[in-house]
Amino acid sequence: MNDAPRSTFGRHRKIMPFEPGSIEALRQASRDKAAGLNQHVLGYGAVAEAEWRAAGIAAPDLPAMRRYRLERIRAELRRRDYAGALLYDPINIRYATDATNMQSWVAHNPTRHCFVATDGPVVLFDYFSCEHLSDHTGVVDEVRPAVPWLFLYGGELTHKRVRRWAGGIADLVKEHGGGNRRLAVDHLDPEGVSELARLGIAIGNGEAVMESARLIKSPDELLAMRRAIVACEAAMAEMEAALRPGISENELWAELHRGNIARGGEWIETRLLSSGPRTNPWFQECSSRIIEAGDLVAFDTDLIGPYGFCADLSRTWLCGDVGPTQEQRDLFRIAADQIAQNTELMKPGTTFRDLAERSRVPPPDCFATRYGVLYHGVGLADEYPTLPHAADWTDDTPDGVLEPGMVLCVESYIGRLGGHEGVKLEEQVLITENGNEKLSAYPLDPRLMSD
């Protein structure tokens with residue numbers, strides 16, 4: 001006789017009866033459940049909410065923000081005479097729909113796209129079985145399964161998938177374009193362009209549409225951005241608390257990732273943290289190097305935080321319970337003065353070219369190692385415009401005018417050519433009706449600011 005205990009698996013399970021015709025009801029119930037548990041519905045958690053309350057930043061009106069964004073897109077489409085926009089960039093899809101899905105993965109695997117009619121519906125073509133991911137937005141009119149035609153799925157039969165995909169897109173343009181066959185597209189491989197052209201669809205620059213739409217932030221977008229910056233700076237404080245001699249650059253950088261994710265942030269676009277001799281020249285990404293007492297530690301957050309907003313801030317710290325060298329103080333003072341003076345110049349009505357020409361630049365022995373730009377736009381990521389140094393201005397550098405509601409980052413990197421270390425600083429600045437407001441508030445290292 002076998003005395004082994006019998007498994008109790010399944011003894012108390014209730015199996016929902018399945019009847020022909022009930023599959024749609026079950027599918028809808030499953031979708032409703034998943035939609036109610038979407039990360040954007042559940043919110044950002046107690047830690048982030050407490051920090052935002054302490055900072056006195058109200059919650060944005062997300063439905064109003066979503067309507068504003070769609071109106072901005074459609075105004076640009078009308079101005080440029082397009083029937084609609086086809087969006088593949090996950091940042092642009094987020095702007096149009098406020099829905100996300102595996103953002104980093106779909107950035108290099110085009111398996112998700114969105115059609116925004118100038119006068120008509122928003123149709124989201126999402127990854128298989130992901131209909132629930134946009135139910136919270138109130139702006140997506142229809143979700144269809146995407147037809148992915150990258151080689152990963154189509155192999156040598158990809159051309160057949162391209163035809164099937166293009167047929168669906170062309171039908172939408174014909175149905176909602178009112179005779180207009182012009183479609184703005186942000187990113188598209190040549191096979192797609194050719195097939196749409198064969199079907200009578202003309203392709204235009206959707207990136208121009210979306211960057212122009214994203215340029216001016218609404219009051220609710222600014223609330224969301226302020227919250228993202230508060231979350232970023234709280235994570236920066238945790239990173240600074242972890243900075244000690246003996247920690248590696250990689251370990252220190254991981255603290256920023258942890259703090260961002262813990263507050264509902266999404267990802268970090270770069271690994272720009274370096275220490276000691278790796279701070280000059282700039283653009284070394286973090287490594288296994290062990291940080292030593294007396295090292296400068298410089299970083300650029302490039303952080304996509306809560307609400308999908310970018311917090312793009314740079315700081316340079318001194319590691320350890322030591323005093324800075326005179327050279328470290330000098331480099332830091334040059335960078336801090338450049339940031340302060342250039343921020344003062346950022347006023348509505350100022351042209352990009354005039355701003356660049358009047359901006360403070362690094363001294364001659366640091367100019368060769370200068371940062372590539374003086375200013376750049378920022379929103380859901382780094383955005384238009386980008387303003388180079390006046391010395392780097394060319395005949396294909398676009399000019400424009402600073403307007404209220406634009407947000408730009410002001411940049412500085414100061415390191416002597418052939419020098420040992422360098423300093424990176426960056427602030428995030430809102431253009432207002434009367435001047436500007438610095439949105440970033442993380443303090444500069446007081447030891448490096450001392451005389």
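Reply: Two strands pair if DSSP finds at least two bridges between them; strands (E, at least two residues) and helices (H or I, at least four residues) are DSSP runs, numbered from the N terminus. This is a predicted model, in which local features need pLDDT of at least 70 and side-chain atom pairs count only at pLDDT 80 or more, while totals for chains, interfaces and linings use all residues. Residues are numbered from 1 along each chain as its sequence is written, and side-chain values use heavy atoms, with hydrogens and water left out.

Me: How many bridges join strand 2 to strand 3 (residues 122-126)?

Reply: Strand 2 and strand 3 run antiparallel. In this arrangement, His 113 stands opposite Phe 125 in strand 3. The number of bridges joining the two strands is four.

Me: Which residue in the turn of the hairpin formed by strand 2 and strand 3 has a positive phi?

Reply: The hairpin of strand 2 and strand 3 has four residues between the strands. A positive phi of about 160° is found in this turn, and the residue that takes it is Gly 120.

Me: Which residue stands opposite Ala 85, in strand 2?

Reply: Strand 2 also pairs with strand 1 (residues 84-87), in the antiparallel sense and over four bridges. Opposite Ala 85 in that pairing, strand 2 places Val 116.

Me: How many of the five residues of strand 2 (residues 113-117) are buried?

Reply: Buried means under 20% relative accessible area, exposed over 50% and partly exposed in between, with a 1.4 Å probe and protein chains only. His 113, Phe 115 and Ala 117 point one way from strand 2, Cys 114 and Val 116 point the other way, and all are buried. Strand 2 is therefore largely enclosed by the rest of the structure, the count of buried residues being five of the five.

Me: Why is helix 5 (residues 90-97) described as largely enclosed, and by what?

Reply: The buried residues of helix 5 include Ile 91, Ile 93, Arg 94 and Tyr 95. Because eight of the eight residues of helix 5 are buried, what largely encloses the helix is the rest of the structure.

Me: Which residue caps the N-terminal end of helix 5?

Reply: A polar contact is a pair of N or O atoms within 3.5 Å; within protein, one must be able to donate a hydrogen and the other to accept it, and residues adjacent in sequence count only if both atoms are side-chain atoms. At this end of helix 5, a side-chain oxygen lies 2.8 Å from the backbone nitrogen of Ile 91. The capping residue that supplies this oxygen is Asp 89.

Me: How are the rings of Trp 282 and Tyr 413 arranged as a pair?

Reply: Rings of Phe, Tyr and Trp (its six-membered ring) pair if their centres lie within 6.5 Å; planes under 30 degrees apart count as stacked, over 60 as edge-to-face and the rest as tilted. By this rule there are eleven aromatic pairs. The ring centres of Trp 282 and Tyr 413 are 5.8 Å apart and their planes lie at 25°, so the pair is stacked.

Me: How many residues apart are Trp 282 and Tyr 413 in the chain?

Reply: Trp 282 sits in the loop between strand 8 (273-275) and strand 9 (296-300), whereas Tyr 413 belongs to strand 15 (residues 407-415). The pair thus links distant parts of the chain, and the separation in residues is 131.

Me: What is the volume of the largest pocket?

Reply: On a 1 Å grid over the protein atoms alone, a cavity is a set of points where a 1.4 Å probe fits but cannot get out, and a pocket is an open set with protein on both sides within 12 Å along at least five of seven lines; lining residues have an atom within 4 Å of a point. Grid points are joined across faces, edges and corners, and a volume is the space filled by probe spheres set on the points. Among the residues lining the largest pocket are Glu 24, Arg 27, Arg 31 and His 132. The volume of this pocket is about 270 Å³.

Me: Which helix gives the largest share of the lining of the second largest pocket?

Reply: The second largest pocket holds about 210 Å³ of space. Its lining includes Asp 89, Trp 149 and His 187. The largest share, three residues, comes from helix 6 (residues 103-108).
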